[in-house]
Amino acid sequence: MNELLWSICLLSLIILGMIFLLKKYNQPYLIAYIIAGIIMGPYVLGVFSSPDEIEAVGEIGILLLMFFLGMEINVPDNRSLLIKPIIAQGLKIILSMLCALLVGYTIGLSANSIVMMTILFMFNSTAVVSEFLKKHNTLQTALGIVVLNMLIFQDLLLAPVLTVLKTWNKDGFNLTGILLPIALCVSFFYVIKKVRKAREITLPRTFATIEYDHDLQVFLGLLLCLGFGLIAEESGLSAALGSFIAGVIVGRVEVFNWLEHSLMPFKIFFVTLFFVSIGLRLDIEFLFENYTVIFLGTLFVLVSNSVMSAIIFRFLKHNWKESWYGGALLSQTGEFGILALSVAYKTGIIEYGLYKQGLGITCLSLLFSTIWIAILNIILKKIPSQEYTVENKFLPK
């Protein structure tokens, strides 16, 4: 018991110190969680030695994060704002394939490695980007809605991608594992359409008594969030997407307005553990042995993802300044990239060295993307701005 208390106290102390520093430079606290994980991990202090155990608990934080996003996001009445993210993500997949093919052909990578590189380019971090959008009050802007819906569409793509990776080196191919997630994706869009038309869902008055029962609030909220996530995962989709759907529905029920206050501490705690687990995975010894490849790879990911995404936003009629900001937001590879790397390594698609390099690049891109966004933001602020209204504002103050 004493060992556990020492570990938690030390983790809290490191995170608090980092938060005070990051607050001074107006940076998101996710950096503090990742750095704390690196310091506490098996390759530095060795306080925590099993990233998988902490990640398993931390994934609850991602479900809560997606649940809150579903509650907060306004489903747009304008159909173009629902179609734009699909077009944008489709273009991003094409550009990712072309970029991966170009890199693979240049340095002589195998076909398997090129496929994995394409997948890493496809997925961004919902947690990092959504926190940036909320922190700078751009979640409800036109650009914020497109970016967030792109991330949701990426979550829809996760299940088919993982199914393909799991069956890559097997004789049999599970067609049902592909068709079922696609059918559920169609159902998801149907739910969104219904919610868009019905702005508020009314429940019987008997549910109003929940507002005054705090114990019932907490456990009902957790059941809705985690239950929808479990149903989605068992059906072949990502658990995060299921929690988001629950949030979209619950957010339209007035009697559940108390949920955000009841579950917020749980969200902060579990999201912290998830990003701590990412820091725990960063092998410092391997990083120093392969620092050239990993750091150049991280820089390439940040720059190429920014450029590709900026081109896509410009194609969608955003101005260049807005497009570059959106490109910076989508510069990193996401937490789902780590999951894809793990599945690819376990099924023999990629070798151990490439798995560790990909893991290092993904962790560093999550860590450095916030700095990258801040740098591009400073540059963009120095460029003369076009006139824009409050509704069209895209850059943080």
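**A walk through the model**

Author: M122 is buried, at 8% relative accessible area (buried is under 20%, exposed over 50%, partly exposed in between; 1.4 Å probe, protein chains only). This is a predicted model: local features need pLDDT of at least 70, side-chain atom pairs count only at pLDDT 80 or more, and totals for chains, interfaces and linings use all residues. Residues are numbered from 1 along each chain as its sequence is written, and side-chain values use heavy atoms, with hydrogens and water left out.

Reader: Fine. Which helix does M122 lie in?

Author: Helix α5 holds M122. Helices here are DSSP runs of H or I with at least four residues, strands are runs of E with at least two, and numbering goes from the N terminus.

Reader: And what is M122 in contact with, leaving aside neighbours within four places in sequence?

Author: Q89, K92, I93, S96, Q154, L157 and V161. Contact means heavy atoms within 4.5 Å. There is also a C-alpha separation of 9.9 Å between M122 and L151, which are 29 residues apart along the chain.

Reader: Now the core. Which residues touch the most other members of the largest nonpolar core?

Author: M116, V147, L165 and F275, out of 110 residues. A nonpolar core is a set of buried Ala, Val, Leu, Ile, Met, Phe, Trp, Tyr and Cys residues joined through side-chain atoms within 4.5 Å. Helix α7 (residues 142-166) supplies the largest share of this core, 14 residues.

Reader: Take L165. What is in contact with L165, beyond four places in sequence?

Author: M116, I119, A340, V343, T347 and I349 are in contact with L165.

Reader: What lines the second largest pocket?

Author: There are 23 lining residues, and V103, L109, M117, G297 and I361 lie nearest the centre. Two or more residues each come from α4 (80-107), α5 (111-122), α13 (291-315) and α16 (352-382). α13 gives the most to this lining, six residues.

Reader: How do the lining residues of that second largest pocket divide by class?

Author: 15 nonpolar, eight polar and no charged. Ala, Val, Leu, Ile, Met, Phe, Trp, Tyr, Cys and Pro count as nonpolar, Asp, Glu, Lys and Arg as charged, and the others, Gly among them, as polar.

Reader: How many cavities of 30 Å³ or more does the structure hold?

Author: One. The largest cavity has a volume of about 60 Å³. R281, L282, D283, F286, L287, I294, K356, L359 and G360 line it. α12 (284-289) and α16 each give two or more residues to that lining. α16 has the largest share, three residues.

Reader: What classes are in the lining of the largest cavity?

Author: Five nonpolar, one polar and three charged residues.

Reader: D283 is in that lining. What is the C-alpha separation of P42 and D283?

Author: 8.3 Å, though P42 and D283 are 241 residues apart along the chain. P42 sits in the loop between α2 (30-40) and α3 (51-72). P42 is partly exposed, at 32%. Not counting residues up to four places away in sequence, P42 touches F48, S49 and L280.

Reader: Last topic, aromatics. How many aromatic pairs are there?

Author: Five. Rings of Phe, Tyr and Trp (its six-membered ring) pair if their centres lie within 6.5 Å; planes under 30 degrees apart are stacked, over 60 edge-to-face, the rest tilted. Y345 lies in helix α15 (residues 335-346) and Y355 in helix α16, so the pair ties together parts ten residues apart in sequence.

Reader: Is Y355 buried or exposed?

Author: Buried, at 10%. Y345 is partly exposed, at 33%. Y355 also forms a tilted pair with Y352, 6.5 Å centre to centre and 45° between the planes. Y352 and Y355 are three residues apart in helix α16, so about one helical turn separates them. Ring pairs link Y345, Y352 and Y355 into a cluster.

Notes: On a 1 Å grid over the protein atoms alone, a cavity is a set of points where a 1.4 Å probe fits but cannot get out, and a pocket is an open set with protein on both sides within 12 Å along at least five of seven lines; lining residues have an atom within 4 Å of a point. Grid points are joined across faces, edges and corners, and a volume is the space filled by probe spheres set on the points.
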